[in-house]
Amino acid sequence: MASGADGQFSEDFIEEFDELLRWRRDVRHFKTDPIDEATVESILRSAELSPSVGNSQPWRWVEVRSPEPRAVVKETFARCNADALNGYRGERAQKYLSLKLAGLDEAPVHIAVFCEDETLQGHGLGRATMPETLAYSVVTAIGSLWLSARARGVGVGWISIVEPEAVCQALDVPADWRFVAYLCIGYPAELAAIPELQRTGWQARTDPKARYFVR
Ligand SMILES: Cc1cc2nc3c(=O)[nH]c(=O)nc-3n(C[C@H](O)[C@H](O)[C@H](O)COP(=O)(O)O)c2cc1C
C-alpha cells in the first residue's frame, strides 16, 4: 500500500517529506520551458487541500497570461524595487542592487493570488474576532502550492515588491479581493538546498532555538 493510503505515513515518506521542505526554494532564476497545463492544474488542486478559517477557501488564483497585465506587474516591480533600494546605504545598498528578486521575464506561468474578503463561504466562522485569518488561510494555500510544485520539480518565486492597487487594477478583480502574492512559476534554472538570500550573503537562516519559547 502506498504511504498515506490508509492515513498512515511510512518512515521513508517522512524522511522524503523533510527533504522536500529542505529543497523547497524561492526561485528567481527560471528556465523559459513551458509547463504543461495538467501540471499547473495538479499543483493548484493540491493547494486546494489547504486549511482555511471556517472552511472558507478564500484564495482566488488568477493566471496572468496577457502581456498587458504582465507589463504592469513588471513596471510596478521595477518602481518598488528602486524605492526599496533607496532605503539602504553603503554596502547593503550595493548588495541589494546585486540581488535578483523576481523572475518575471523568464517564468512561463504567472499567478496572482487574492483573498476574497467578503466571501460567504464558511459563514463567518472563526473570523469574527480575527478577520485577518482569511488572509492567513490564503497564505497556507500558497505554502501548499509551493511544496506541491517543488515535489513535481517546479519552482515558485513569491513577489511582494509590487503595489497591490496596481496589480488589482491591471487584473480588474472585484473590489473585495485583497492582493496577497504574485507568483512566478517555472522549472528552476538551478537546484539548491540553501536559500538564495543566504548564498548571496544577504541573510542567513538563524538558530531555531532563538524562536522557541516556553511559558
Ligand atoms: C510573504 C513573502 C514574500 C516574499 N517576497 C519576496 C520578493 O518579493 N522577492 C523575493 O526575491 N523573495 C521573496 N520572498 C522569498 C523569500 O525571500 C524567501 O522565502 C527567503 O529568502 C527564504 O528562502 P527560501 O524560500 O528559498 O527558503 C518572499 C517570501 C514570503 C514568505
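**Cavities.** I searched the whole structure of this predicted model and found two cavities of 30 Å³ or more. For the record, a cavity here is a set of points, on a 1 Å grid over the protein atoms alone, where a 1.4 Å probe fits but cannot get out; lining residues have an atom within 4 Å of a point. Grid points are joined across faces, edges and corners, and a volume is the space filled by probe spheres set on the points.

I took the largest cavity to begin with, and its volume is about 140 Å³. I listed 15 lining residues, of which Arg 25, Val 27, Pro 188, Glu 190 and Ala 192 lie nearest the centre. By class, I have six nonpolar, two polar and seven charged residues in that lining. The classes are nonpolar (Ala, Val, Leu, Ile, Met, Phe, Trp, Tyr, Cys and Pro), charged (Asp, Glu, Lys and Arg) and polar (the others, Gly among them).

The second largest cavity holds about 30 Å³ of space. Which residues line the second largest cavity? I noted Val 40, Ile 43, Leu 44, Ile 111 and Ile 185. That lining divides into five nonpolar, no polar and no charged residues. Helix α2 (residues 37-47) gives the largest share of it, three residues.

**Conventions.** Residues are numbered from 1 along each chain as its sequence is written. Local features need pLDDT of at least 70 and side-chain atom pairs count only at pLDDT 80 or more, while totals for chains, interfaces and linings use all residues; side-chain values use heavy atoms, with hydrogens and water left out. Helices (H or I, at least four residues) and strands (E, at least two) are DSSP runs, numbered from the N terminus.

**Packing.** I went on to α2 and listed its buried residues as Thr 39, Val 40, Ser 42, Ile 43, Leu 44 and Ala 47. Buried means under 20% relative accessible area, exposed over 50%, and partly exposed in between (1.4 Å probe, protein chains only). These buried residues of α2 pack against β1, β2 and α5 (133-151), contact meaning heavy atoms within 4.5 Å.

I then checked strand β1 (residues 59-63), where four of the five residues are buried. β1 pairs with strand β2 (residues 109-116) in the antiparallel sense over five bridges; two strands pair if DSSP finds at least two bridges between them. Val 62 stands opposite Ala 112 in β2.

**Salt bridges.** How many salt bridges does a search of the whole structure find? I got twelve, each a side-chain nitrogen of Lys or Arg within 4 Å of a carboxyl oxygen of Asp or Glu.

I looked up Glu 19 with Arg 22, where the closest N and O atoms are 2.2 Å apart. Both lie in helix α1 (residues 11-23), three residues apart, about one turn of the helix. Glu 19 counts as partly exposed because its relative accessibility is 35%; Arg 22, at 43%, also counts as partly exposed.

I also noted Lys 209 with Asp 207, the closest N and O atoms being 3.9 Å apart. Lys 209 is exposed at 68% relative accessible area, and Asp 207 is partly exposed at 41%.

Elsewhere, salt bridges that share partners join Asp 26, Arg 28 and Glu 196 into one network. In the bridge between Asp 26 and Arg 28, the closest N and O atoms are 3.0 Å apart. I have Arg 28 as buried, with a relative accessible area of 8%.

Key. 1 Å grid on protein atoms, 1.4 Å probe; cavity = no way out; pocket = protein on both sides within 12 Å on 5 of 7 lines; lining within 4 Å.
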